[in-house]
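Q: Please take a close look at a single part of this protein and describe how it is put together. Then carry on to the other parts.

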Amino acid sequence: MALSPAARAALEQFRAQQQSGGAPVANGHHDEESDSVDSTTAVPGGPLTAAGLGGGNFNAAGTLSPSLAAVSAAAGAPNINQAYAEPMATGELFRPEQPKTFKECGISYRTVESLILKIIKQEGPQDEQQLSEVLKLSVNVFAEIVKSLNKRELLDTPQPMVYDLTTVGRQMVGMMERDDGYVGPAPVSFEAFCQMCRNQAKRERRVTFEDMQRNFSQQSMRPELLQTLKEGFNSEGRIMLFYGPPGNGKSLITDSLHGLLKDPVLLPYAFEFNGKVVQYYDPAFHRLLDDVMAQEEQASGDTFSTSGKPDRRWLISKAPLVTVGTEFKVSHFEISFDGQYSAPPHVKANNVIFIFDDLGRQTEDHNMILNQFIYPLEQQESIVKFSGGSSMRVPFLERLFLSTNLNHEELLDDAFKRRLQYQVLIDRPTTDLFKDIFQRIALKNGVPREMGIEMSEALVRWFEEDDRVIRAVDPRNIFRMLDATLDEGERLMDKLDMDLFRRIYEKYPAAYRKDAKAFAGGVDS
């Protein structure tokens with residue numbers, strides 16, 4: 001189905017906004033990183049696709065929906081309501097169409113039965129419409145199951161058409177909860193989830209050098225680093241290693257590359273595998289487009305027909321960024337169970353970016369952890385185990401970014417190293433780049449350009465006199481310390497002078513050249 005005129009206009013507006021510049025907001029952490037980065041060396045040589053939803057029509061099995069370009073446009077457009085009004089009015093859906101019968105929902109009878117009983121235990125007596133709101137299924141799908149539960153005396157009707165648990169029903173729920181405590185929207189089938197991941201991965205979009213320039217327009221960066229990042233992002237290896245001394249932008253770069261993923265993704269609340277409900281939606285990673293989903297449901301909700309309505313078990317989310325660090329263990333590649341089953345982080349990163357930060361600082365042997373990625377990187381699927389011993393094959397369709405400030409040559413064994421075609425050194429900035437970083441941050445803090453230039457020259461001179469090494473993070477941290485000197489309502493320019501600047505410099509934690517670690521190809525090597 002072709003895009004409607006309004007959807008196409010929204011898409012063009014979105015593209016124009018992207019071309020006009022403006023740095024994306026990067027998800028994640030920047031504790032040790034700066035607003036600017038530098039690099040001197042890269043070892044050349046996948047792209048996972050810019051996560052998106054492709055063309056075609058979605059159905060319950062996970063084939064693709066029309067107008068996804070309009071979703072992308074609306075996600076970046078100033079007026080989301082206007083961007084979505086026309087496509088929804090024409091009957092187009094972004095999510096799969098809702099199932100009309102129990103068979104179409106694709107999951108087991110026992111799972112739906114269990115969820116109905118657990119919902120009533122948790123929420124109290126429910127009518128069919130209330131159950132529908134929690135399950136995210138139309139009443140037609142589960143009405144016969146409710147009647148069966150009532151006939152088997154697991155449910156009673158204290159009021160007409162309102163259902164509550166009987167004593168036998170409560171005993172049954174207790175047994176079900178010991179096996180799986182999940183209560184919430186009905187899952188989608190495991191097959192539908194896998195097919196959705198594959199369909200979304202088909203929308204490959206190679207980024208251009210201009211895309212990189214726009215994405216990093218607010219950061220001082222060498223052109224050769226941008227070129228390397230572009231090639232690594234587009235490579236078929238789907239993995240990049242970022243290494244170098246701390247405080248020079250590794251986390252900022254990996255997080256900012258996430259801004260290249262413009263398209264939203266579809267994901268389920270949960271999926272069912274062999275009768276087990278595995279939670280997938282994670283608010284720690286997934287930022288939902290609630291307005292978009294609400295409009296889609298409202299636009300299709302003016303009829304009593306069950307056709308042409310979205311399957312509310314699926315969610316529309318901005319492309320997530322999944323990050324793990326020192327806490328990551330081999331066991332985190334498995335389906336965890338703490339009363340409920342939960343998908344591991346690398347599964348939640350399908351169609352987007354998975355960042356393994358602080359490589360080498362894990363409590364377990366990091367090579368044992370890295371070995372878990374070898375098969376997925378080769379086969380684009382991961383064998384994921386349950387604690388009970390069963391396993392499933394899940395798509396592994398994501399970009400993997402590794403980051404460390406340790407010696408990567410000593411960290412990695414040959415089996416993994418040969419898969420790292422792009423090993424990017426994020427080094428300390430040159431003197432000129434450091435001055436540019438400082439002057440940019442000074443301007444953001446209201447310091448006039450000429451004064452910012454004078455301060456940057458003085459700071460470089462002091463660093464050289466004291467034999468300190470410069471780091472890209474230093475300007476940001478120094479201005480944070482300057483800001484801490486201000487009283488309520490006071491502006492920095494009300495008191496900033498060279499005496500205050502010097503006092504803050506002397507308090508600023510030093511990194512001396514004699515202690516600096518050399519990296520191959522770096523400024524200190």
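A: Start with strands S8 (residues 270–273) and S9 (residues 276–279), which run antiparallel and are joined by four bridges. One of the pairings can be named: phenylalanine 271 has valine 278 in S9 as its bridge partner. Keep in mind that the model is predicted.

S8 and S9 belong to an open sheet of five strands. Its order is S5-S8-S9-S13-S12, and the pairing is mixed. Which strands form the edges? They are S5 (188–189) and S12 (336–337), and each of them pairs on one side only. As background, strands of a sheet pair through backbone hydrogen bonds, either parallel or antiparallel.

A second sheet is also open, but has three strands. Here the order is S2-S4-S3, and the pairing is antiparallel. S2 and S3 stand at the edges with a single partner strand each, so one side of each lacks a neighbour in the sheet.

Now take S4 (residues 162–165) by itself. Val162 and Asp164 point one way, while Tyr163 and Leu165 point the other way. Are these residues buried or exposed? All of them are buried, that is, under 20% relative accessible area.

With S2 (residues 126–127), the pairing is antiparallel over two bridges. Glutamine 126 has tyrosine 163 of S4 as its bridge partner. With S3 (residues 155–159), S4 again runs antiparallel, this time joined by three bridges.

S3 and S4 form a hairpin with two residues between the strands. Methionine 161 in this hairpin takes a positive phi near 65 degrees.

H5 (residues 109–123) lies across S2, S3 and S4. Its direction is at about 90 degrees to S4.

Next, the core. The largest nonpolar core holds 80 residues. Those with the most contacts inside it are Phe193, Leu229, Leu257, Phe373, Leu402 and Phe416. Helix H9 (residues 190–201) gives the most to this core, with seven residues. In soluble globular proteins, nonpolar side chains tend to be buried together.

Zoom in on phenylalanine 373. Leaving out residues up to four places away in sequence, it touches Phe328, Phe333, Phe354, Phe356, Phe396, Leu400 and Phe416.

Helix H13 (residues 290–299) shows how burial can be sided. Its buried residues are Val292, Met293, Gln295 and Glu296. They cover an arc of only 160 degrees around the axis, which puts them on the same side of H13.

Finish with a loop. Aspartate 467 sits between helix H20 (449–465) and helix H21 (474–483).

Last, the whole protein. The secondary structure comes to 22 helices and 18 strands. Of the 525 residues, 54% are buried. The protein exposes about 22400 Å², and carbon and sulfur atoms supply 47% of that.

Terms used
Residues numbered from 1 in each chain as written. Predicted model: local features only at pLDDT ≥ 70, side-chain atom pairs only at ≥ 80, totals over all residues. Heavy atoms only, no water. Core = buried A, V, L, I, M, F, W, Y, C linked by side-chain atoms within 4.5 Å. Buried < 20%, exposed > 50% of the residue type's maximum accessible area, 1.4 Å probe, protein only. Contact = heavy atoms within 4.5 Å. Areas by Shrake-Rupley, 256 points an atom, 1.4 Å probe, with all protein chains shown as cover. Pairing = 2+ DSSP bridges. Axes fitted to C-alpha atoms, helices over the stretch in contact; angles between N-to-C directions. Arc of directions from axis to C-beta.
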